[in-house]
Amino acid sequence: MSQAIRARFKELNRRPRTGILKKSPFPDTKKPIVKADDDEATTPTLKKRKIDKRVEITFAETADDEAAFSRICKTLQDQFRLKEQNRALISSLMVRSYIYRRKDIENNPSHVIGIINKYPFLSDAEEFLLEFERLAGQKVNVGLFSTEYADKILAMAKKDHSKNIQLVLETFNDFDSKTKDENKVVAALQCLCYLLCNKGSHADPKTICLQYPSSINPTAYCEELTLKTPVFVWSAEDAHLVVDCQMLFACKKQDAAHTLLAAYHVFNIQYPKSLHGVFSFLETLYLEKTKINKTKLSNKVKTFIAVL
(Lines give C-alpha, C1' and ligand atoms only; values in the text may rest on other atoms or scores of the structure.)
Protein backbone atom coordinates (compact mmCIF):
# COMPACT_ATOMS: atom_id res chain seq x y z
CA MET A 1 0.00 0.00 0.00
CA SER A 2 2.76 2.34 0.94
CA GLN A 3 4.58 1.57 -2.31
CA ALA A 4 1.47 2.41 -4.35
CA ILE A 5 1.16 5.82 -2.61
CA ARG A 6 4.82 6.67 -3.24
CA ALA A 7 4.48 5.72 -6.91
CA ARG A 8 1.44 8.00 -7.20
CA PHE A 9 3.31 11.04 -5.80
CA LYS A 10 6.26 10.42 -8.17
CA GLU A 11 3.85 10.46 -11.09
CA LEU A 12 2.39 13.80 -9.94
CA ASN A 13 5.86 15.36 -9.60
CA ARG A 14 6.70 14.44 -13.18
CA ARG A 15 3.58 16.23 -14.60
CA PRO A 16 3.90 20.04 -15.54
CA ARG A 17 2.40 22.37 -12.94
CA THR A 18 -0.46 24.80 -13.87
CA GLY A 19 -1.91 27.96 -12.26
CA ILE A 20 1.50 29.64 -11.54
CA LEU A 21 1.64 33.47 -11.90
CA LYS A 22 3.39 34.72 -14.98
CA LYS A 23 6.35 37.00 -14.72
CA SER A 24 5.48 40.75 -14.36
CA PRO A 25 5.47 42.64 -17.68
CA PHE A 26 7.35 45.48 -15.88
CA PRO A 27 10.52 43.85 -14.55
CA ASP A 28 12.69 46.09 -12.35
CA THR A 29 10.89 49.20 -13.52
CA LYS A 30 10.82 52.42 -11.50
CA LYS A 31 8.02 54.02 -13.50
CA PRO A 32 4.95 54.92 -11.43
CA ILE A 33 1.91 52.71 -11.91
CA VAL A 34 -1.49 54.37 -11.69
CA LYS A 35 -4.58 52.31 -11.00
CA ALA A 36 -7.17 53.08 -13.67
CA ASP A 37 -10.92 52.93 -13.22
CA ASP A 38 -11.06 49.44 -14.77
CA ASP A 39 -8.38 48.24 -12.32
CA GLU A 40 -5.84 47.78 -15.10
CA ALA A 41 -2.29 48.97 -14.51
CA THR A 42 -1.47 51.89 -16.81
CA THR A 43 1.35 54.43 -17.02
CA PRO A 44 0.34 58.16 -16.88
CA THR A 45 0.70 60.28 -20.03
CA LEU A 46 2.12 63.82 -19.65
CA LYS A 47 0.67 66.63 -21.81
CA LYS A 48 3.04 69.05 -23.48
CA ARG A 49 2.66 72.59 -22.03
CA LYS A 50 1.69 75.19 -24.63
CA ILE A 51 4.11 78.09 -24.95
CA ASP A 52 2.67 81.54 -25.61
CA LYS A 53 4.85 83.13 -28.29
CA ARG A 54 3.31 86.60 -27.98
CA VAL A 55 5.61 89.42 -26.86
CA GLU A 56 4.58 90.63 -23.42
CA ILE A 57 5.37 94.20 -22.32
CA THR A 58 6.85 94.37 -18.83
CA PHE A 59 8.03 97.15 -16.56
CA ALA A 60 11.53 96.64 -17.95
CA GLU A 61 10.49 97.53 -21.50
CA THR A 62 12.10 100.81 -22.59
CA ALA A 63 11.52 102.69 -25.84
CA ASP A 64 15.12 102.42 -27.01
CA ASP A 65 14.08 102.18 -30.66
CA GLU A 66 11.05 102.58 -32.90
CA ALA A 67 10.06 98.92 -32.58
CA ALA A 68 10.00 99.05 -28.78
CA PHE A 69 8.14 102.36 -28.90
CA SER A 70 5.49 100.86 -31.20
CA ARG A 71 5.01 97.90 -28.85
CA ILE A 72 4.57 100.24 -25.88
CA CYS A 73 2.03 102.37 -27.77
CA LYS A 74 0.06 99.26 -28.71
CA THR A 75 0.03 98.06 -25.10
CA LEU A 76 -1.16 101.48 -23.86
CA GLN A 77 -3.91 101.57 -26.47
CA ASP A 78 -5.04 98.09 -25.38
CA GLN A 79 -4.96 99.13 -21.71
CA PHE A 80 -7.08 102.21 -22.46
CA ARG A 81 -9.88 99.99 -23.79
CA LEU A 82 -9.95 97.81 -20.67
CA LYS A 83 -12.39 98.35 -17.82
CA GLU A 84 -9.83 97.19 -15.25
CA GLN A 85 -6.59 98.92 -16.13
CA ASN A 86 -3.12 98.24 -14.76
CA ARG A 87 -2.35 101.78 -13.57
CA ALA A 88 1.15 100.89 -12.40
CA LEU A 89 2.05 99.49 -15.83
CA ILE A 90 0.44 102.47 -17.59
CA SER A 91 2.42 105.03 -15.57
CA SER A 92 5.63 103.09 -16.11
CA LEU A 93 5.18 102.85 -19.89
CA MET A 94 4.15 106.51 -20.18
CA VAL A 95 7.45 107.47 -18.56
CA ARG A 96 9.52 105.08 -20.69
CA SER A 97 7.94 106.25 -23.96
CA TYR A 98 8.03 109.96 -23.08
CA ILE A 99 11.02 111.01 -25.24
CA TYR A 100 9.76 109.34 -28.43
CA ARG A 101 6.22 110.60 -27.81
CA ARG A 102 7.34 114.22 -27.38
CA LYS A 103 9.49 114.06 -30.53
CA ASP A 104 6.51 112.76 -32.49
CA ILE A 105 4.11 115.44 -31.19
CA GLU A 106 6.58 118.29 -31.75
CA ASN A 107 7.87 117.16 -35.16
CA ASN A 108 4.52 116.05 -36.58
CA PRO A 109 1.88 118.69 -35.76
CA SER A 110 -1.60 117.22 -35.63
CA HIS A 111 -5.11 117.96 -34.44
CA VAL A 112 -5.75 116.85 -30.89
CA ILE A 113 -8.03 114.02 -32.04
CA GLY A 114 -5.08 112.53 -33.96
CA ILE A 115 -2.80 112.79 -30.93
CA ILE A 116 -5.41 111.23 -28.65
CA ASN A 117 -5.99 108.32 -31.03
CA LYS A 118 -2.28 107.57 -30.95
CA TYR A 119 -1.69 108.37 -27.26
CA PRO A 120 -5.11 107.89 -25.59
CA PHE A 121 -3.88 108.37 -22.02
CA LEU A 122 -3.20 112.05 -22.74
CA SER A 123 -6.98 112.39 -22.40
CA ASP A 124 -6.78 110.88 -18.93
CA ALA A 125 -6.77 113.63 -16.26
CA GLU A 126 -4.10 111.98 -14.11
CA GLU A 127 -1.68 111.12 -16.93
CA PHE A 128 -2.30 114.50 -18.58
CA LEU A 129 -1.02 116.33 -15.49
CA LEU A 130 1.93 113.93 -15.14
CA GLU A 131 2.86 114.62 -18.78
CA PHE A 132 2.85 118.36 -18.04
CA GLU A 133 5.12 117.77 -15.03
CA ARG A 134 7.47 115.68 -17.18
CA LEU A 135 7.63 118.59 -19.63
CA ALA A 136 8.27 121.08 -16.83
CA GLY A 137 10.83 118.82 -15.20
CA GLN A 138 9.31 119.41 -11.78
CA LYS A 139 6.20 119.03 -9.64
CA VAL A 140 3.48 121.56 -10.45
CA ASN A 141 1.72 123.35 -7.59
CA VAL A 142 -1.85 122.73 -8.74
CA GLY A 143 -3.54 125.04 -6.23
CA LEU A 144 -1.18 128.00 -6.66
CA PHE A 145 -3.48 130.22 -8.75
CA SER A 146 -6.57 129.45 -6.68
CA THR A 147 -5.03 130.03 -3.26
CA GLU A 148 -2.57 132.87 -3.88
CA TYR A 149 -3.52 134.86 -6.98
CA ALA A 150 -7.24 134.67 -7.82
CA ASP A 151 -8.35 136.99 -5.01
CA LYS A 152 -5.58 139.50 -5.82
CA ILE A 153 -6.54 139.59 -9.50
CA LEU A 154 -10.22 140.13 -8.67
CA ALA A 155 -9.25 142.95 -6.28
CA MET A 156 -7.26 144.63 -9.07
CA ALA A 157 -10.14 144.12 -11.50
CA LYS A 158 -12.49 146.00 -9.18
CA LYS A 159 -10.27 149.07 -9.57
CA ASP A 160 -10.66 148.90 -13.35
CA HIS A 161 -13.84 150.62 -14.48
CA SER A 162 -14.02 149.21 -18.00
CA LYS A 163 -17.46 147.98 -18.97
CA ASN A 164 -16.34 144.45 -19.87
CA ILE A 165 -14.55 143.79 -16.59
CA GLN A 166 -17.44 145.16 -14.56
CA LEU A 167 -19.79 142.81 -16.41
CA VAL A 168 -17.62 139.82 -15.42
CA LEU A 169 -17.60 140.99 -11.79
CA GLU A 170 -21.36 141.50 -11.74
CA THR A 171 -21.90 137.93 -12.92
CA PHE A 172 -19.46 136.70 -10.29
CA ASN A 173 -21.11 138.70 -7.49
CA ASP A 174 -24.48 137.13 -8.26
CA PHE A 175 -23.21 133.79 -6.92
CA ASP A 176 -23.63 132.83 -3.27
CA SER A 177 -20.58 132.62 -1.00
CA LYS A 178 -19.93 128.91 -1.62
CA THR A 179 -20.31 129.19 -5.39
CA LYS A 180 -18.13 132.31 -5.41
CA ASP A 181 -15.23 130.36 -3.91
CA GLU A 182 -15.64 127.63 -6.56
CA ASN A 183 -15.86 130.10 -9.45
CA LYS A 184 -13.30 132.73 -8.43
CA VAL A 185 -10.59 131.13 -10.61
CA VAL A 186 -12.87 131.28 -13.66
CA ALA A 187 -13.78 134.91 -12.93
CA ALA A 188 -10.10 135.83 -12.41
CA LEU A 189 -9.11 134.24 -15.74
CA GLN A 190 -11.87 136.12 -17.55
CA CYS A 191 -10.68 139.39 -16.01
CA LEU A 192 -7.10 138.60 -17.07
CA CYS A 193 -8.27 138.41 -20.69
CA TYR A 194 -9.11 142.13 -20.50
CA LEU A 195 -6.36 143.24 -18.11
CA LEU A 196 -3.51 141.65 -20.12
CA CYS A 197 -4.85 141.84 -23.68
CA ASN A 198 -2.23 142.99 -26.19
CA LYS A 199 -2.78 146.21 -28.07
CA GLY A 200 -4.57 145.66 -31.36
CA SER A 201 -6.07 142.36 -30.17
CA HIS A 202 -9.70 141.68 -29.37
CA ALA A 203 -10.12 140.38 -25.82
CA ASP A 204 -12.72 137.64 -25.58
CA PRO A 205 -12.99 135.67 -22.31
CA LYS A 206 -14.97 132.99 -24.14
CA THR A 207 -11.72 131.86 -25.76
CA ILE A 208 -10.46 130.76 -22.35
CA CYS A 209 -13.50 130.06 -20.12
CA LEU A 210 -16.96 129.40 -21.44
CA GLN A 211 -20.12 128.83 -19.43
CA TYR A 212 -22.82 126.57 -20.83
CA PRO A 213 -26.38 126.03 -19.57
CA SER A 214 -26.87 123.01 -17.31
CA SER A 215 -29.80 121.87 -19.45
CA ILE A 216 -27.54 121.28 -22.48
CA ASN A 217 -25.48 118.14 -22.98
CA PRO A 218 -21.84 119.29 -22.67
CA THR A 219 -20.55 116.89 -25.33
CA ALA A 220 -23.06 118.11 -27.92
CA TYR A 221 -22.38 121.70 -26.90
CA CYS A 222 -18.62 121.28 -27.43
CA GLU A 223 -19.11 119.73 -30.85
CA GLU A 224 -20.92 122.88 -31.97
CA LEU A 225 -18.06 125.14 -30.90
CA THR A 226 -15.80 126.62 -33.56
CA LEU A 227 -12.92 127.28 -31.16
CA LYS A 228 -9.79 125.27 -31.92
CA THR A 229 -7.79 126.44 -28.90
CA PRO A 230 -8.08 124.84 -25.45
CA VAL A 231 -11.08 126.19 -23.55
CA PHE A 232 -12.44 125.51 -20.08
CA VAL A 233 -16.21 124.91 -20.30
CA TRP A 234 -18.24 124.97 -17.11
CA SER A 235 -21.71 125.01 -15.66
CA ALA A 236 -23.17 125.19 -12.18
CA GLU A 237 -22.61 121.43 -11.75
CA ASP A 238 -19.36 120.53 -13.52
CA ALA A 239 -16.45 121.62 -15.71
CA HIS A 240 -14.44 120.07 -18.55
CA LEU A 241 -11.34 120.69 -20.64
CA VAL A 242 -12.15 120.99 -24.35
CA VAL A 243 -9.54 121.08 -27.13
CA ASP A 244 -10.35 121.14 -30.85
CA CYS A 245 -14.04 120.82 -29.90
CA GLN A 246 -13.18 117.50 -28.24
CA MET A 247 -14.14 117.06 -24.59
CA LEU A 248 -11.15 115.40 -22.93
CA PHE A 249 -11.96 115.03 -19.24
CA ALA A 250 -13.82 116.54 -16.30
CA CYS A 251 -11.90 118.68 -13.82
CA LYS A 252 -12.42 121.08 -10.94
CA LYS A 253 -13.07 124.77 -11.55
CA GLN A 254 -10.25 125.60 -9.12
CA ASP A 255 -7.83 123.82 -11.50
CA ALA A 256 -8.79 125.82 -14.61
CA ALA A 257 -5.60 127.94 -14.80
CA HIS A 258 -2.95 125.21 -14.75
CA THR A 259 -5.15 122.81 -16.79
CA LEU A 260 -5.41 125.33 -19.66
CA LEU A 261 -1.70 126.12 -19.50
CA ALA A 262 -0.88 122.41 -19.54
CA ALA A 263 -3.11 121.81 -22.59
CA TYR A 264 -1.12 124.26 -24.72
CA HIS A 265 2.16 122.57 -23.79
CA VAL A 266 1.08 118.92 -23.80
CA PHE A 267 -0.55 119.22 -27.24
CA ASN A 268 2.08 121.63 -28.60
CA ILE A 269 -0.36 124.47 -29.40
CA GLN A 270 0.71 128.06 -29.96
CA TYR A 271 -0.84 130.77 -27.80
CA PRO A 272 -3.37 132.98 -29.63
CA LYS A 273 -2.17 136.58 -29.92
CA SER A 274 -5.05 137.84 -27.80
CA LEU A 275 -4.16 135.43 -24.96
CA HIS A 276 -0.39 135.78 -25.13
CA GLY A 277 -0.32 138.08 -22.11
CA VAL A 278 -2.52 135.77 -20.03
CA PHE A 279 -0.42 132.66 -20.61
CA SER A 280 2.94 134.41 -20.33
CA PHE A 281 1.72 135.52 -16.89
CA LEU A 282 0.66 131.95 -16.00
CA GLU A 283 4.06 130.70 -17.12
CA THR A 284 5.77 132.97 -14.60
CA LEU A 285 3.60 131.40 -11.88
CA TYR A 286 3.91 127.73 -12.79
CA LEU A 287 7.02 127.46 -14.96
CA GLU A 288 9.30 130.30 -13.86
CA LYS A 289 12.42 128.17 -13.35
CA THR A 290 11.71 125.44 -15.89
CA LYS A 291 13.16 124.63 -19.30
CA ILE A 292 9.87 125.26 -21.15
CA ASN A 293 9.39 128.83 -19.90
CA LYS A 294 10.64 130.62 -23.03
CA THR A 295 7.91 133.23 -23.48
CA LYS A 296 9.08 136.84 -23.29
CA LEU A 297 7.04 139.07 -21.01
CA SER A 298 5.57 142.25 -22.42
CA ASN A 299 5.95 145.50 -20.50
CA LYS A 300 2.25 145.29 -19.67
CA VAL A 301 2.66 141.90 -18.05
CA LYS A 302 5.81 142.97 -16.18
CA THR A 303 3.96 146.00 -14.76
CA PHE A 304 0.99 143.85 -13.81
CA ILE A 305 3.22 141.39 -11.92
CA ALA A 306 4.98 144.23 -10.11
CA VAL A 307 1.69 145.78 -8.94
CA LEU A 308 0.22 142.38 -8.04
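This is a short tour of a predicted model, stop by stop, with something to select each time.

Before you click, residues are numbered from 1 along each chain as its sequence is written, and side-chain values use heavy atoms, with hydrogens and water left out. Because this is a predicted model, local features need pLDDT of at least 70 and side-chain atom pairs count only at pLDDT 80 or more, while totals for chains, interfaces and linings use all residues.

**Stop 1: strand β4**

Select residues 231-234, which make up strand β4. Helices (H or I, at least four residues) and strands (E, at least two) are DSSP runs, numbered from the N terminus. V231 and V233 point one way from β4, F232 and W234 point the other way, and all are buried. Buried here means under 20% relative accessible area, with exposed over 50% and partly exposed in between (1.4 Å probe, protein chains only). In a regular strand the side chains alternate between the two faces of the sheet.

**Stop 2: the neighbour β3**

β3 and β4 run parallel, joined by three bridges; two strands pair if DSSP finds at least two bridges between them. Look for Q211, which stands opposite W234 in β4. Next bring in helix α10 (residues 218-223): with β3 and β4 it makes a right-handed β-α-β unit. Right-handed means that, with the strands pointing away from you, the path from the first strand over the helix to the second runs clockwise.

**Stop 3: strand β5**

Follow the chain out of β4: a hairpin takes you to β5 through four residues. β5 is residues 239-243, and it pairs with β4 in the antiparallel sense over four bridges. Which residue of β5 does W234 stand opposite? That would be A239. V231 has its bridge partner in β5 too, namely V242. Color β5 by burial and you'll find five of its five residues buried. A239, L241 and V243 point one way, with H240 and V242 pointing the other way.

**Stop 4: strand β6**

Keep going to β6 (residues 246-250), which pairs with β5 in the antiparallel sense over four bridges. H240 has A250 as its bridge partner in β6. Zoom in on the hairpin of β5 and β6: it has two residues between the strands, and D244 takes a positive phi near 55 degrees. While you're around here, click C245, which counts as buried at 10% relative accessibility, and C251, also buried, at 16%. A search of the whole structure finds zero disulfides (pairs of cysteine sulfur atoms within 2.5 Å).

**Stop 5**

Select V168, T171, Q190, P205 and Q211. Of the 19 residues lining the second largest pocket, these are the closest to its centre. About 330 Å³ of space lies in this pocket. On a 1 Å grid over the protein atoms alone, a pocket is an open set of points with protein on both sides within 12 Å along at least five of seven lines, a cavity is a set of points where a 1.4 Å probe fits but cannot get out, and lining residues have an atom within 4 Å of a point. Grid points are joined across faces, edges and corners, and a volume is the space filled by probe spheres set on the points.

**Stop 6: a cavity**

How many cavities of 30 Å³ or more does a search of the whole structure find? One. The largest cavity has a volume of about 60 Å³, and its lining includes C73, M94, R101 and Y119.
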